[in-house]
Amino acid sequence: MKRIRYYIFLRDVAWLSIAAFGGPQVHIALFIDMFVKKRGYLKEKEFLELNALCQILPGPTSTQTIVALGFKIGGPSLAYLTLLIWSLPAMIIMTVLGITISYFHHQSFSLDFLRFVQPLAVGLVCYAAYRITRMVVNTKTGIVLLIVSAACAYTFKSPFVFPVVVVVGGMVTAFRKFKHQPKEQPEPLKIEWANFLLYLGVMLIVGLGILVVGINNTPLWVRLFENFYRNGSFIFGGGQVLIPVLFTEFVEFKAYLSEQEFLSGFGLAQCVPGPVFSFVSFIGALSMREAGAGVGGEIWGAFIAAAGIFLPGTFLIFFVIRFWEQLKKFRIVKASLEGIHAASSGLVIAAALLLLTPVVTGAHHYLNMTLVVAAFLILTFTKVKPPWIILCGLLAGFIF
């Protein structure tokens, strides 16, 4: 009976992996319809609490939520299968797109057909910044944290600034506002440390290994894994928050991708179902093109990038879910959410500004700005979804 139940669950996950467009907010609504209302695996309140746990932890929120659900139903084995089935279709599509762009680069083919996709993608980021800010920032403290985090991320264009900003934001509200949270009597925490030690061990082994061997002597794929594993360990708030981190590290800091390639890939990722974090497969594939390993190396880079970004959140959800019932009663944990979300919103605003600057100052800046504004207004005042906007831009690039 359990096997049949697991099969039905994984079949549902497979269907959602090719049908769930629209990002984390849409994903959560689809999960509720499928797993709560249709299948009845748990009550809606329990599901929302599970989702709240995933918002506290770094990593892709919707992916962690569906993996955590798999863990509750069938333990670690089913959870890992859930992660694989949920993320694989999007990873394959983004890997193919990355290899295609890499081929165009080597053959000196023009990417001019993507010229409309880039400003439209910036419009999507601007809309994400607006929407997230409206949803999670509604206090003076939150506004201050948002402004400070956005200013820090925009001014100090370093990938190491982002985790500091998020952690400090969480600490500010944790200590300032925990007394405002309703009192509950938390039970003593019973913690099993295995998955946390696994999470920490991977980070330390890879990081120390690179330091011992030396950055220049370390294979590129190992450095890529460290980059994505580190980013996956400190990203709160979903795929939109990931964008400024990746842009700073892989475009401005390391120049593995051009700005045009990054924005084109991000725009195309909006047309792909499943987790937004699958965008890293595109980046991983393009980052490996200069290593001389050919298509096989680019596929390996895409896999390494996806493994690096998804594993930290998976290890942490396996660690925390075992004592979540006790942890969620601590007021300091609840209070930290406001600061984490406000700081994360500031990172998205910084991403919008970073991506907007070259669009409005480069060639065709009047047309680009018009497209940015048009995408923002369409998403704000209509029910048109991002994939259709990007597809229209792609089609226009071929026609005009």
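Entry 1, helix α4. I looked up the length of helix α4, residues 61-106, in this predicted model. At 1.5 Å a residue, a straight helix of 46 residues would span 68 Å. I found that α4 spans only 36 Å between its end C-alpha atoms. Next I asked where α4 bends. The bend is at Gly74 and comes to about 140°. I also noted a proline, Pro76, which follows within four residues. I then checked what comes just after α4, and there Ser108 takes a positive phi of about 60°.

I looked up how helix α6 (residues 140-155) packs with helix α7 (residues 161-177). The angle is about 165° and the axes are 10 Å apart. Angles over 145 degrees count as roughly antiparallel, so I wrote down α6 and α7 as roughly antiparallel to each other. The crossing of α6 past α7 is right-handed.

I then listed the residues that meet. From α6 I have Thr141, Leu145, Ser149, Cys152 and Ala153. From α7 I have Val161, Phe162, Val165, Gly169, Val172, Thr173, Arg176 and Lys177. Sorted by class, this contact of α6 with α7 holds seven nonpolar, four polar and two charged residues.

I placed Glu226 in helix α9, residues 220-234. Which residues does Glu226 contact, leaving aside its neighbours within four places in sequence? I found Val206 and Ile210. I also looked up the separation of Glu226 from Gln107, which is 119 residues away along the chain. Their C-alpha atoms are separated by 30 Å.

Note on methods:
Residues numbered from 1 in each chain as written. Predicted model: local features only at pLDDT ≥ 70, side-chain atom pairs only at ≥ 80, totals over all residues. Heavy atoms only, no water. Axes fitted to C-alpha atoms, helices over the stretch in contact; angles between N-to-C directions. Helix = DSSP H or I, 4+ residues; strand = E, 2+ residues; numbered from the N terminus. Parallel < 35°, antiparallel > 145°, perpendicular 65-115°, else oblique. Left-handed = near helix turned anticlockwise from the far one by under 90°. Contact = heavy atoms within 4.5 Å. Nonpolar A, V, L, I, M, F, W, Y, C, P; charged D, E, K, R; others polar. Expected span 1.5 Å × (residues − 1). Bend = angle between axes of the 7 residues up to and from the residue.
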